[in-house]
Amino acid sequence: MIKLSELHLGFLTALGGMILLFASANFGALPGQDYGAGTMPRLIGWCAILLGCFMVATSLKNLPEMLRPHLADWVRKPRLAIAALGCIAVIACYILFAETVGFIPMSFISLLALMLLLRTSLVTAVLASLATTLVVYYGFSRLLMVPLPRTEFLSFLG
Amino acid sequence: MLILEQAAALVFQPYVLGVILASAVFGMLVGAIPGLTATMATALLVPMTFFMEPVPAIAAIVTATAMAIFAGDIPAALLRMPGTPANAAYVEDAYKMTQSGRGEEALGAALVFSVIGGLFGSIVLMTVSPTLAEVALKFSSEEYFWLVLLGLSCAVFVNPGSPTRGLISLLIGLFVATIGMENPSGEPRFSFGNIELMAGIQFIPAMIGLFAVSEVLRTVTATSPRQKIPRADGHGVFKTQWKNLKKYPVQTARGSITGTALGILPGAGADIAAWISYAISKRFSKQKEKFGTGHVEGLVEAGASNNSAVSGAWIPALVFGIPGDSITAIVIGVLYIKGINPGPTIFINDPQTVYAIFMVFILANLIMLPLGWLAIRGARPILSIPPSTLMPMILIFCIVGSFAIANSTAGIVMMMVFGIIGFFMEENGIPIAPAILGMVLGPMLEQNFITSMIKADGDVLRFFERPIAAGLGTLTILVWLFPLVMLLLRRHKAARFAT
């Protein structure tokens with residue numbers, strides 16, 4: 001990931017402000033008043049534009065330095081970048097498949113995959129994944145009555 | 001008297017006491033693990049509190065927070081890795097004491113003086129809050145508008161770090177707060193026809209994402225290797241603390257007072273309190289040269305300060321409904337979910353709950369002594385858990401916690417989105433706390449601003465007509481000018497140095 005300089009952040013902030021102004025242009029006011037749903041987003045938008053312009057203006061002094069891309073340390077190490085993507089992939093897979101697969105298998109597979117990706121030994125990963133899955137399942141599903149996605153063939157677990 | 005009895009009945013139940021004990025252990029575990037903050041402990045605890053009555057829910061958060069902040073001293077002393085940002089100020093001294101075979105003395109000092117600071121802050125909370133609440137009852141929309149703006153301004157301008165990045169964070173938080181239909185005209189904003197978004201951003205999944213998921217991502221991408229844990233030195237945790245208390249009474253009192261005062265200031269918190277107290281301790285010490293070399297004096301003052309700030313931060317949260325730090329910002333969200341509206345009327349409508357919260361503060365601080373001692377003795381196994389095993393566990397807990405709030409995967413989606421945003425923000429030096437304050441205070445700011453503008457018929461000067469509003473408004477403007485004054489002072493100093 002590129003670490004953004006004051007110049008980049010300023011530009012993005014001002015751009016965000018402009019988008020916000022555009023997106024809130026059609027919000028109506030309270031009946032008989034000048035203020036309403038659009039007042040606050042427009043104020044935030046103007047603040048963002050002013051802040052962005054200020055950041056860009058103050059960073060122009062060191063323009064060459066500000067334009068040089070700075071990469072985060074972990075980007076240069078593929079293993080760490082994959083670990084970060086793995087965490088996001090685990091959440092995305094849970095969102096997509098938990099309802100179909102059920103909580104217990106999904107949680108176990110997610111934990112195991114992520115632990116192995118982060119280089120936990122196989123035995124520790126299997127035991128820790130199983131224990132965590134069961135503790136979370138019983139804690140939330142049985143004690144707190146949260147309807148976690150169920151798996152038919154594992155229904156004997158409760 | 002009847003109210004006190006009712007409050008005691010709410011607190012002294014086996015269930016509530018069990019919750020306090022369990023959250024103390026939980027706070028201790030989270031705080032002792034480097035990188036996991038007290039705010040993260042609160043964020044992870046919130047899904048559990050969702051299923052509790054208000055008093056045990058608040059008790060769980062208060063206890064876990066106090067315990068996590070103390071427990072953060074354990075990796076600070078043993079590994080030179082502060083468990084929470086509030087422990088970072090005196091990490092050098094604590095670690096050097098461990099290296100010279102005085103690790104347990106360092107941790108003992110952190111524990112005892114945290115308890116003293118915490119108890120002091122709790123007493124101030126109990127005595128000041130009801131009086132302030134009476135004043136706050138006379139507040140109108142103008143006073144609340146300035147008070148909210150003051151809190152947001154302090155979060156941006158008083159904290160260390162770049163004010164421009166703090167402002168970006170605040171604007172992100174304020175924008176997130178505008179999403180949905182909760183606005184003066186009830187018109188859907190930025191929801192793109194999505195029913196989940198029409199109800200607004202779910203605060204708890206967003207907060208779990210910003211604090212916990214982003215921290216998991218940061219830990220798995222960390223490049224620095226883990227350190228070895230030194231063996232126990234057998235000096236005893238409490239042995240030298242009475243001597244320290246007799247030697248440093250001024251430092252203890254000063255740390256407790258500074259911490260409470262900074263805690264009360266909306267937007268500041270335990271982190272900044274510890275740094276300022278450490279600096280004050282060094283400034284007025286007779287042994288300035290010993291600071292940073294394994295000297296206990298700064299640890300005594302900053303240790304008392306960071307825990308007293310935790311209690312102090314609850315004063316604006318309870319009295320005005322304005323959080324003193326990111327933890328109380330989460331607490332305010334929890335209180336609203338529980339149907340308790342923080343603000344001066346809570347002292348009239350729900351006094352027994354308020355007094356029960358006060359009692360919980362005292363209990364949480366007292367329980368720290370025995371549990372803290374146990375944690376110091378048993379910290380080594382906790383610190384030995386490798387992040388490669390721990391982080392996936394935390395991630396699954398975050399997923400289930402976000403799902404549990406509304407029993408919907410929309411919560412998990414929000415958690416993931418905010419986790420990525422939080423990671424991006426921290427990677428670019430944008431603090432998360434102002435965004436959280438913006439999310440919590442955004443609706444209050446908007447409502448009071450619109451009401452005041454309608455009342456004033458668009459005349460901004462009328463925001464200064466009432467005396468308290470004028471005072472708060474002036475103070476807010478002074479906070480805005482603070483960075484400018486600091487810049488001019490630095491330039492003046494540099495010019496003098498050059499000549």
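Me: How far apart are the mean positions of the positive and negative charges of chain B?

Reply: This is a predicted model, in which local features need pLDDT of at least 70 and side-chain atom pairs count only at pLDDT 80 or more, while totals for chains, interfaces and linings use all residues. Residues are numbered from 1 along each chain as its sequence is written, chains are lettered from A and ligands numbered from 1 in the order in which they are written, and side-chain values use heavy atoms, with hydrogens and water left out. Lys and Arg count as positive and Asp and Glu as negative, without His and the chain ends, and each charge is placed at NZ of Lys, CZ of Arg, CG of Asp or CD of Glu. For the 30 positive and 27 negative charges of chain B, the separation of the mean positions is 15 Å.

Me: What is the corresponding distance between the two sets of charged side chains in chain A?

Reply: Chain A carries 10 positive and 6 negative side chains.

Me: What is the radius of gyration of chain A?

Reply: Chain A has six helices and two strands, which follow one another along the sequence as β-α-α-α-β-α-α-α. For its 158 residues the globule rule gives 15 Å, and the value for chain A is well over this, so the chain is more spread out than a compact globule. Its C-alpha atoms fill a box of roughly 60 × 50 × 20 Å, taken along the principal axes. The radius of gyration of chain A is 24 Å.

Me: What distance separates the centres of the two domains of chain A?

Reply: An automatic or database domain assignment supplies the bounds, and it divides chain A into domain 1 (2-71) and domain 2 (75-157). With the centres taken over C-alpha atoms, the separation of domain 1 of chain A and domain 2 of chain A is 39 Å.

Me: What share of the residues of chain B count as buried?

Reply: Buried means under 20% relative accessible area, exposed means over 50%, and partly exposed lies in between, with a 1.4 Å probe and protein chains only. In chain A, 46% of the 158 residues count as buried. For the 499 residues of chain B, the share is 60%.

Me: Which residues of chain B does Leu20(A) touch?

Reply: Leu20(A) lies in helix α1 of chain A and counts as buried, at 9% relative accessibility. Contact means heavy atoms within 4.5 Å, and, leaving out residues up to four places away in sequence, Leu20(A) touches Pro41(A), Ile44(A) and Gly45(A) within chain A. Its C-alpha atom is 7.9 Å from that of Ile44(A), 24 residues apart in sequence. In chain B, Leu20(A) touches Phe175(B) and Phe190(B).

Me: Is Phe192(B) buried or exposed?

Reply: Phe192(B) lies in the loop between α9 (163-178) and α10 (195-198) of chain B, and its phi is near 50°, a positive value in a residue other than glycine. At 77% relative accessibility, Phe192(B) counts as exposed.

Me: What is the relative accessible area of Arg119(A)?

Reply: Arg119(A) is found in the loop between α5 (103-117) and α6 (122-143) of chain A, and its phi is near 70°, a positive value in a residue other than glycine. Arg119(A) is exposed, and its relative accessible area is 60%.

Note on methods: Helices (H or I, at least four residues) and strands (E, at least two) are DSSP runs, numbered from the N terminus. The radius of gyration is taken over C-alpha atoms; the globule rule is 2.2 Å times the number of residues to the power 0.38.
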